[in-house]
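Please look over the sequence and the structure shown below before reading on.

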Amino acid sequence: MLPWLLAAITLAAVALTAPSLGRHLFEVFDGRPQPAWDRWLNPIEDGLLRWIGDNGRSADSAMAYLMPLLISNTLFGALALTLLLLQPPWLNPLGLGGLRWDLALHTTISFLTNTDQQHLVPEQSLGNLAQLGAMQFLMFVSAATGLAVGFAVIRGFSGRPIGSFHRDLLRALTRVLIPASLLLALFLLVCGVPMTLAPPLQITTLEGGQQLLPRGPIALFEAIKQLGENGGGFMSANSAHPYENPTLLTNLVSTWAMLIIPAATIDAFGRFVGNRRQSNLLLALVFALLLIGAVVAMKAEQAGNPMLDRWLSGGNLQGKELRFGPVLSGLWAVVTTGTMTGAVNGSIDAAMPLTILTALFNLFLQVVVGGQGTGIAYLLVFVLLAVFLTGLMVGRTPEFLGRKVEKPQVVWASLILLIHPLFVLIPAALTLAGGASLAGISNPGSHGISQVVYEYASAAANNGSGLEGLADSTRWWNLTTSASLLGGRFLPIAALLALAEGFRRKPALEPSPGTLRTDTGLFTAVTAVVLVILGALTFFPVLALGPIAEALTLAS
Amino acid sequence: MSIAAQLLRGLRLTLLLWFLTVVVITLPMLGLARLVAPDAATGSLLRSGDRVVGARLIGQGFSSARYLQSRPAGAPNLAASNPELTTRVAAAASRWQSAGVAQPAADLLLDSGSGVDPHISLAAARQQLPRLARERQLPLAELERLIPQHEEGPLGVQAIEPVVNVLTFNLALDQLASSSTTQSPPAPARP
């Protein structure tokens with residue numbers, strides 16, 4: 001009972017705190033006065049913008065917002081890649097040198113795209129300079145890039161000018177991600193997460209064995225990892241490792257931290273369009289999807305593995321930590337895939353098939369609360385399609401937020417939703433066709449198919465979790481997932497900006513009695529159906545071959 | 001705006017944000033850590049004399065019969081449907097049975113996620129006490145009194161169920177032995 005109660009409290013805490021942060025996000029990205037913040041930060045932000053040579057004025061086209069985004073992201077990546085390739089062995093106590101080129105490239109792209117898929121063992125590959133200067137740096141700037149895009153899209157839908165990328169990026173850091181990360185880091189530190197530049201410690205265990213204690217500046221790293229929907233671990237074991245997630249309390253707070261910013265972003269959307277009923281209904285929609293997934297996964301983990309009934313009873317503890325137990329590990333798996341964080345507090349590979357099914361479903365939909373900034377953007381794309389479909393059904397001109405939804409919007413929306421399956425299914429099919437040794441499958445049968453599909457779904461959705469038994473540190477995996485990472489990040493960003501800016505330029509209409517209202521329970525239910533049908537139909541065949549087949553095997 | 005000018009801007013932005021997110025916020029956090037929680041900040045280390053013997057949060061592997069054993073580690077990614085998992089669990093169960101534990105607790109049979117799970121369940125700890133009492137020639141009651149001192153659980157927000165910290169328990173076990181006899185305990189058997 002206790003785990004279920006704690007799960008409920010955690011989700012309730014997200015719902016209760018989202019409006020306050022939503023209000024803050026609205027003020028930050030709509031340029032509203034924030035006296036307590038402005039006094040300190042305005043001179044600094046203005047000075048910094050002036051130093052980089054930007055006047056902070058809004059871009060006049062989607063392209064003018066996109067260009068500085070692409071240029072700066074390329075340079076962020078180049079800086080991190082250089083650090084990973086040229087890591088000087090004399091600078092870190094373990095004497096770790098530069099990474100192999102394909103691994104360095106994959107790691108850089110993975111962190112730059114807010115994904116943090118890791119094909120390396122970080123504590124055995126990266127010194128503190130690389131962990132801080134490449135990984136932590138990219139975690140902050142990729143999350144800020146996501147937030148900037150999310151609010152540029154929200155501005156377009158609410159009829160405002162698209163904004164200035166540099167200004168958005170800077171304010172996302174100074175007013176949201178940095179202060180929030182510092183607070184969370186302080187909390188984690190008090191709970192036992194290390195924060196030190198002292199070298200990893202080689203010790204002799206009680207029985208005389210050797211053990212490496214991978215200490216480091218973990219607390220701050222961990223904070224932005226969770227809050228920024230990054231998910232890349234300081235250690236390979238990620239949030240299962242006691243140095244990243246030492247107690248039950250840190251586990252619950254880390255679960256909250258994954259959800260809070262995407263939930264608050266949806267709340268902020270309602271404030272932008274002056275209709276909080278609309279945003280509350282959207283929040284209710286994604287929370288309902290999250291809740292259904294969570295119950296499925298938590299029940300599956302609680303019931304345990306029937307194959308092992310001869311030897312043991314109780315929940316599925318394989319690959320899990322005793323401090324969290326089966327149920328809260330199930331909750332985490334659903335939250336981490338729904339929010340595109342990708343941090344794990346136990347092995348998803350060893351989770352029950354229904355948990356893997358839920359996780360994959362979340363990766364396919366990309367809106368179950370959703371990623372940093374991108375979550376609300378994808379959600380609005382689904383809403384546009386629902387508006388279009390219901391408009392067709394009732395024979396009215398489809399309208400959303402006082403603007404007509406016409407051919408260009410539907411074309412952009414369809415393109416955005418097609419990018420994802422393209423970067424998941426095609427490379428997965430190629431890899432599976434290449435045979436088990438190319439794929440590096442570690443678990444036989446239908447589970448092996450899940451391993452391959454999951455890896456690309458996680459890459460293209462910019463999530464970063466994985467069915468980690470997969471032997472993915474190969475050139476094939478590094479290069480093909482890099483393509484999915486980049487395609488799943490920057491193509492939708494470009495299309496979303498174009499869609500939002502095009503939408504803004506349409507004439508605003510006064511609502512008439514004939515206008516189909518989108519802030520009703522009925523319309524929200526239709527949106528849910530559109531979401532599930534589009535998501536499920538595209539991917540149903542692979543779900544049937546993977547987790548559904550595995551679940552049936554276990555049940556028989 | 002020319003490409004060169006845009007690149008220059010991007011370059012300045014990159015340097016600025018690198019400095020901000022790597023140096024400006026990390027250094028004060030490191031300083032604060034030394035001030036607020038110096039023990040946790042450096043890894044919650046456990047010392048015996050001058051020597052660091054481990055970390056309170058990090059589990060160690062134990063193979064000697066004279067110590068409480070931790071959870072197995074090494075194959076956390078075996079899928080629920082993988083026959084290897086069944087084989088592994090069966091082998092672990094029969095090892096425990098030949099060591100006198102008829103129905104080993106589930107956490108003694110299933111791999112931890114991190115490989116360094118510091119805990120085992122109360123049941124898993126109690127099952128091992130008769131063996132420890134025999135190996136160390138200590139009264140069972142004395143060992144049972146030791147468990148609550150190393151128990152962590154929901155009330156301390158450490159774990160979802162009452163669990164035992166294996167490393168601190170084993171350290172206490174060694175101290176118990178060295179205080180009850182004048183000699184230090186014999187070197188434990190190596191795997």
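## Chain A as a whole

Among contacts in chain A between residues at least 6 apart in sequence, what percentage join residues at least 24 apart? The share is 78%, where two residues are in contact if their C-beta atoms, placed from the backbone, lie within 7 Å. This is a predicted model, in which local features need pLDDT of at least 70 and side-chain atom pairs count only at pLDDT 80 or more, while totals for chains, interfaces and linings use all residues. Residues are numbered from 1 along each chain as its sequence is written, and chains are lettered from A and ligands numbered from 1 in the order in which they are written.

Along the principal axes, the C-alpha atoms of chain A fill a box of roughly 80 × 60 × 45 Å. Of the 556 residues in chain A, 60% are buried, meaning that 20 or more other C-beta atoms lie within 10 Å of a residue's own.

## Two helices that cross

In chain A, the axes of helix 11 (residues 353-365) and helix 15 (residues 446-460) come within 9 Å and cross at roughly 30°, with axes fitted as lines to C-alpha atoms over the stretch in contact and angles running from 0 to 180 degrees between N-to-C directions. On the side of helix 11 of chain A, the residues that meet helix 15 of chain A are A:Ile356, A:Leu360, A:Leu363 and A:Phe364, and their partners in helix 15 are A:Ser450, A:Tyr454, A:Ala457 and A:Ser458. By class, this contact has six nonpolar, two polar and no charged residues (Ala, Val, Leu, Ile, Met, Phe, Trp, Tyr, Cys and Pro count as nonpolar, Asp, Glu, Lys and Arg as charged, and the others, Gly among them, as polar).

## Where the chains meet

In the predicted complex, 76 residues of chain B are in contact with 92 residues of chain A. Helix 1 of chain B gives the largest share of the side that touches chain A, with 14 residues.

Key:
A residue is buried if 20 or more other C-beta atoms lie within 10 Å of its own, exposed if 12 or fewer, and partly exposed in between; C-beta atoms are placed from the backbone. Helices (H or I, at least four residues) and strands (E, at least two) are DSSP runs, numbered from the N terminus.
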